[in-house]
Amino acid sequence: MRKRTLFRLVAGTAAAGAATLAYASLIERNMFTLRRYDVPVLAADAEPLRVLHLSDLHMMPNQRRKQDWVASLAALDPDLVVVTGDNMAHPGAVPGVLRALQPLLDYPGAFVFGSNDYTGPVWKNPFTYFLPDRDYREGVELPYEELRDVFTGAGWADLNNARTTLKAGGRVVELVGVDDPHIERDDYASVAGPAAASADLSIALTHSPEPRVLDQMAADGFGLLLAGHTHGGQVCVPGYGALVTNCGLPRSMARGLHRWPGSDSWLHVSAGLGTHPTAPVRFACPPEASVLTLISR
C-alpha cells in the first residue's frame, strides 16, 4: 500500500512538472502582453507624452509570431520608442529584428545595447544565476554594427555611453545612456552631468539596471530611468515573485514601475519579450512591452 501511494505521488509530481514545463515553454513564452503605466514626470499642465519601451527581444530568425506582434505596436502611435538592448540571439537575427521594428523606425527613437547584442548565447546551467560572482561566458560574435547602422540610419539616437537631445511629441527630450553594465562596458562618467533645465523631459537608459549606474543617473536629475535585462525573473513564483534578477537590483524591482530610492526619479524595468535560447521558458512572467504615458507631476 505504501509503495503504491509513493508511486502515485511520484507519478503525479512528474506529470505536474511536465505540464508546467509544457505550459512555460509552449504557451506562456508566446503570450505577448502590453503593459500600461502612467508616470508623473512632466511639468504641471503639460500634455501627456507616450513612450513605447521594448527590451530583450532575443530574436531568432524564424520567430515570426514575435516579429508580427512587435510590428503591430506601431498602431499605438507612440511619441517616442526606446529599446534597451539584447535584440539578438543568433548571427542571422538582424532581418528578424528589422521585420519586427521596421514600422516603429518612423518614430523618434533611442537605444542602448545589451550583452546579447555583442555575442550570442552559450549553454549554461540555469542554477548558476543564483551565483552572484559567476564568470561571464561569450558566444559567437553577433552583427551588432549592422544593427547599429539600421537604427542610426533611421534616425534613432545611439546612447551607448552617449548623451543627446531630440524632439518627441512636440517636446524637447534630453537623453543619456550607457553601454551594458552587465559586461562592464558602461562609462557614465564620460556623459555625466546635471539634466538640462531647458529640456521638457529627461530620460536615462541602461540595459542592466545596476544600482551603481541608476544612482548616478538619478543624482543628475534624470526623471525617468529605463532598463531591461532581468526578464522580470523569467521564472517567478506566484505570490513570491522573481527568484533572481541577474543584477544588483532587488527582486521586488525585477519588473514594472518603481520610485528609485532616495530620489525623485522613476525606474521602469521591462520584463522583455524574449528568452535565452537555451532556456526557452517563462512562468508567471509573460513576455511584455510597455507604454509609459508620461503625465504632469
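A crossover is right-handed if, with the strands pointing away from the viewer, the path from the first strand over the helix to the second runs clockwise. Helices (H or I, at least four residues) and strands (E, at least two) are DSSP runs, numbered from the N terminus. By these terms, β8, helix α6 (residues 211–219) and β9 form a right-handed β-α-β unit.

This is a predicted model, in which local features need pLDDT of at least 70 and side-chain atom pairs count only at pLDDT 80 or more, while totals for chains, interfaces and linings use all residues. Numbering starts from 1 along each chain as its sequence is written, and side-chain values use heavy atoms, with hydrogens and water left out.

Start with the whole chain. The protein chain has six helices and 14 strands. Of its 297 residues, 51% are buried; buried means under 20% relative accessible area, exposed over 50%, and partly exposed in between (1.4 Å probe, protein chains only). The protein chain exposes about 13,300 Å², and carbon and sulfur atoms supply 55% of that area. Accessible areas come from the Shrake-Rupley method with a 1.4 Å probe; for residues, only the protein chains shown count as cover. Now take contacts, meaning heavy atoms within 4.5 Å. Among those in the protein chain between residues at least 6 apart in sequence, 73% join residues at least 24 apart.

Next, strand β8. Five of the five residues in β8 (residues 201–205) are buried, so the strand is largely enclosed by the rest of the structure. In a regular strand the side chains alternate between the two faces of the sheet. Here L201, I203 and L205 point one way from β8, S202 and A204 point the other way, and all are buried.

What lies beside β8? Two strands pair if DSSP finds at least two bridges between them. Strand β7 (residues 171–177) pairs with β8 in the parallel sense, over five bridges. Strand β9 (residues 224–227) also runs parallel to β8, and three bridges join them. A204 takes part in both pairings: A204 in β8 is the bridge partner of V176, and L225 in β9 is the bridge partner of A204.

Now the charged side chains. Side chains of opposite charge can pair when their charged atoms come close. A salt bridge is a side-chain nitrogen of Lys or Arg within 4 Å of a carboxyl oxygen of Asp or Glu. The structure holds seven salt bridges.

One of them joins D68 and R99, at 2.8 Å from N to O. D68 sits in helix α2 (residues 64–72) and R99 in helix α3 (residues 94–101), so the pair ties together parts that are 31 residues apart in sequence. D68 is partly exposed at 41% relative accessibility, and R99 is partly exposed at 30%.

D158 forms a salt bridge with R148, their closest N and O atoms being 2.7 Å apart. D158 lies in strand β5 (residues 157–158) and R148 in helix α5 (residues 144–153), so this pair ties together parts 10 residues apart in sequence. D158 is partly exposed, with a relative accessible area of 24%. R148 counts as buried at 16%.

The side chains of D186 and R212 meet at 2.6 Å, N to O. This pair links distant parts of the chain: D186 is in the loop between β7 and β8, R212 is in helix α6, and they are 26 residues apart. D186 is buried at 19% relative accessible area, whereas R212 is partly exposed at 41%. Elsewhere, salt bridges with shared partners join E145, R148 and D158 into one network.
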